[in-house]
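Open the model in your viewer and keep the selection tool at hand. Each stop below says what to pick and what is there.

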Amino acid sequence: MTAYPHLLAPLDLGFTTLKNRVLMGSMHTGLEETRDWPRVAEFYAARARGGVALMVTGGIGPNLEGSVLPGAAMMASDQDVENHSVVTRAVHAAGGKIAMQILHAGRYSYGPKCVGPSPVKSPISPFPPAELDEAGIEKQISDIVNAARLAQRAGYDGVEIMGSEGYFLNQFLVTHTNKRTDRWGGSYENRMRLPIEVVRRVRAEVGTDFILIYRLSMIDLVPNGSTFDEVVQLAKAVEAAGATILNTGIGWHEARIPTIATSVPRAAFAWVTQKLMGQVSIPLITSNRINTPEVAEDVLATGCADMVSMARPMLADAEFVNKAAAGLGKEIAPCIACNQACLDHTFGGKLTSCLVNPRACHETELVLKQADVVKTVAVVGAGPAGLATALAAAQRGHRVTLFDATQEIGGQLNMAKQVPGKEEFHGLVDWYRTMVGKAGIALKLGHRVGVDDLSGFDEIVVATGVLPRDPEIEGQDHPSVVSYIDVLRGKVAVGQNVAVIGAGGIGFDVSEYLLHDGESPAENLPLWMREWGVCDPAEHRAGLAPDGPQPEAPARRITLLQRKAERHGKRLGKTTGWIHRATLKMKDVSFVGGVNYERIDDSGLHVSFGEARENPTLIAADTIVFCAGQVSDRSLAEALAAAGIAAHVIGGADVASELDAKRAINQGTRLAASL
Ligand code: FAD
Ligand code: NAP
Ligand code: SF4
């Protein structure tokens, strides 16, 4: 008997059956744009082999004006059909099913040719859309229909029509972006004419036995978004127009409410999909922050939806479904919802991958094949760099011994997991613990390794991480001064007035840690919804609470300082930095930049501004926390070098600047692939 009976139950669509309730949601990986179609094919085929019932490709443009970027992948020509056929053949050979997402970006198209219902520029693009006339609208519809026809010719099992997240079809639905007075604007019947027409004509083109998913925005989270009555009306009309399945969209891209970041509670929006259950007779898919089989099973068992969509979790572990089905849930590499290697890469114009699984989207290039010669490998340091090396080397057949000076694996991840909103790091450390055990790695904890411990190994890997940087501020021996390590390890009492020195990732995290008292909003959905001003869309249009965000009172008064004059948090993650800034602002943190640290004494921290060290100011603080960056811990690496012993140095021990777990894991995995 499986622990996930709902998740693994087949879903009969009449003309075809899905083998379980897991959809791999659409992700723009950038792979299609490489034009390396065998590589694209292997990415999807790996997930098909991993057991997922149905996959949706990244958004594929129906024409130039609707593509997300100039040069983005399209489905508009015979050549496109040929290219995509490579993917569908590989997926079918692997026993999977795949639908192509048709994404018309409308005013979110990042180019001067973008079009929309009205010339209303989006806040996340510099390009105002050209208002479409009647002929222009007809062209968009026929291009979308043409893309569906070609997708069918390319062998796809269906298409997903992207109607949410604030893209083209969504832009017609709401008065926020649709100011028209013709038959495509004005009343709701007029505004929903375009999505209905698109679904009706795609269905007429592809016939009955072809999956047609419509992605419908169920909670827009933007001012003047849809009411829930409108959502229900649209859902019924889309069903009548011929959709097979409705997929849930949550929030427009320009919404100022996080919807998938790690600080969003798991399955935070499943209740929104549930509101539509019973109102239509086609299956509903729910999505957002579902990342374990337990959460997915619960969502289905409690009647929130008929299927779950998981996108990023399929980057973290292509074998998600197979492992769940085999009762090996603990071996599923968890998506920690960090966005660091997926969305941040997409928005930075880089190929998507995954912090936890650097092989994602690199399946054909980063290969962990069995070693020709089995070696003994010593890995010193069980932080992410050392763990990734040890695991990948052991998976290749090497005999690995992993050392750490502390009594636990995880390195700095054990501090990260203490931060409210970063609880997912617990799961990552737990997963490594499971996998280290399974891989037969000899684990030696509680021993600080010296040169003498490392004789007799074929390969030595030094992954000893970092040490906090000493900012050398006059008076820093004062008892009010503590380091982020002492704070996050709970070793020191922290006062009510706190100055945090250093506004990097750790300065932000320490501030969030000190601002919260009691339960983390990431683990308490009603609290999180209050903090961000999210409410029931049936009560208030688009799910925006009328009185806005209502954050809990901050537990402390915090001043966050940096020497740079730039905006605080400028270098944080592209898709998550704004969330950290907003969280701290909500809790009245004062951001002070452009400072010189003059001295610390009984009254607090004295700072001045500018090169002339003007305007000396006292920041009265009873606790001063140093988060001034980190330097490599190279003591072992240097001792080995002095003894003439060769070693590989990775992670923070190699380069501390701009180090994160993504780089550490990637470097460790790549090293192991080469041993
Ligand atoms: P470390 O994690 O520092 O591990 C080094 C290990 O080596 C330690 O366990 C240490 O005990 C051991 N060691 C050292 N010397 C010896 C020796 N001689 N013998 C035996 N063992 C030894 N990164 C992200 O990507 N995303 C985040 O959201 C994020 N949040 C963070 C939040 C906080 C609060 C902190 C502190 C860090 C965060 N990071 C984050 C950074 C990330 O944790 C580090 O970049 C990563 O841990 C570095 O990995 P590493 O393996 O090189 O070193
Ligand atoms: P960091 O990002 O390099 O920030 C260090 C901070 O200390 C900066 O604000 C810097 O600003 C200040 N600083 C540097 N030298 C100083 C000095 N001599 N005296 C006083 N202040 C000094 O490092 P971090 O915050 O320690 O984070 C370490 C790594 O972990 C980072 O690379 C980061 O990417 C990673 N991390 C990531 C996340 C995440 O969410 N992705 C979260 C936490 C940590 P000024 O020079 O302007 O003063
Ligand atoms: Fe998940 Fe982070 Fe990997 Fe993206 S990079 S898939 S958010 S773990």
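Ala, Val, Leu, Ile, Met, Phe, Trp, Tyr, Cys and Pro count here as nonpolar, Asp, Glu, Lys and Arg as charged, and the others, Gly among them, as polar. This is a predicted model, where local features need pLDDT of at least 70 and side-chain atom pairs pLDDT 80 or more, while totals for chains, interfaces and linings use all residues. Residues are numbered from 1 along each chain as its sequence is written, chains are lettered from A and ligands numbered from 1 in the order in which they are written, and side-chain values use heavy atoms, without hydrogens and water.

**Stop 1: ligand 3.** Select the residues around ligand 3 (a heavy atom within 4 Å of it). Among them are Cys 335, Cys 338, Cys 342 and Cys 354. Arg 312, Asn 339 and Leu 355 are also in this shell. By class, the shell has ten nonpolar, one polar and one charged residues.

**Stop 2: ligand 1.** Here 33 residues surround the ligand; Gln 340, Asp 404, Lys 422, Gly 652 and Ala 661 are the closest. Now look for polar contacts (a pair of N or O atoms within 3.5 Å). A polar side-chain atom of Lys 422 lies 2.6 Å from an oxygen atom of ligand 1. A backbone N or O atom of Gly 652 is 2.7 Å from an oxygen atom of ligand 1. For Arg 448, a polar side-chain atom lies 3.3 Å from a nitrogen atom of ligand 1.

**Stop 3: ligand 2.** Of the 20 residues around ligand 2, Ala 503, Ile 506, Arg 563, Lys 564 and Leu 659 come nearest. Show the backbone. An N or O atom there lies 2.9 Å from an oxygen atom of ligand 2 at Ile 506, 3.2 Å at Gly 505 and 3.4 Å at Cys 627.

**Stop 4: Phe 269.** Select Phe 269 and show contacts (heavy atoms within 4.5 Å). Leaving aside neighbours within four places in sequence, Phe 269 touches residues including Ile 219, Leu 221, Trp 528 and Val 534.

How values were computed: A polar contact is a pair of N or O atoms within 3.5 Å; within protein, one must be able to donate a hydrogen and the other to accept it, and residues adjacent in sequence count only if both atoms are side-chain atoms.
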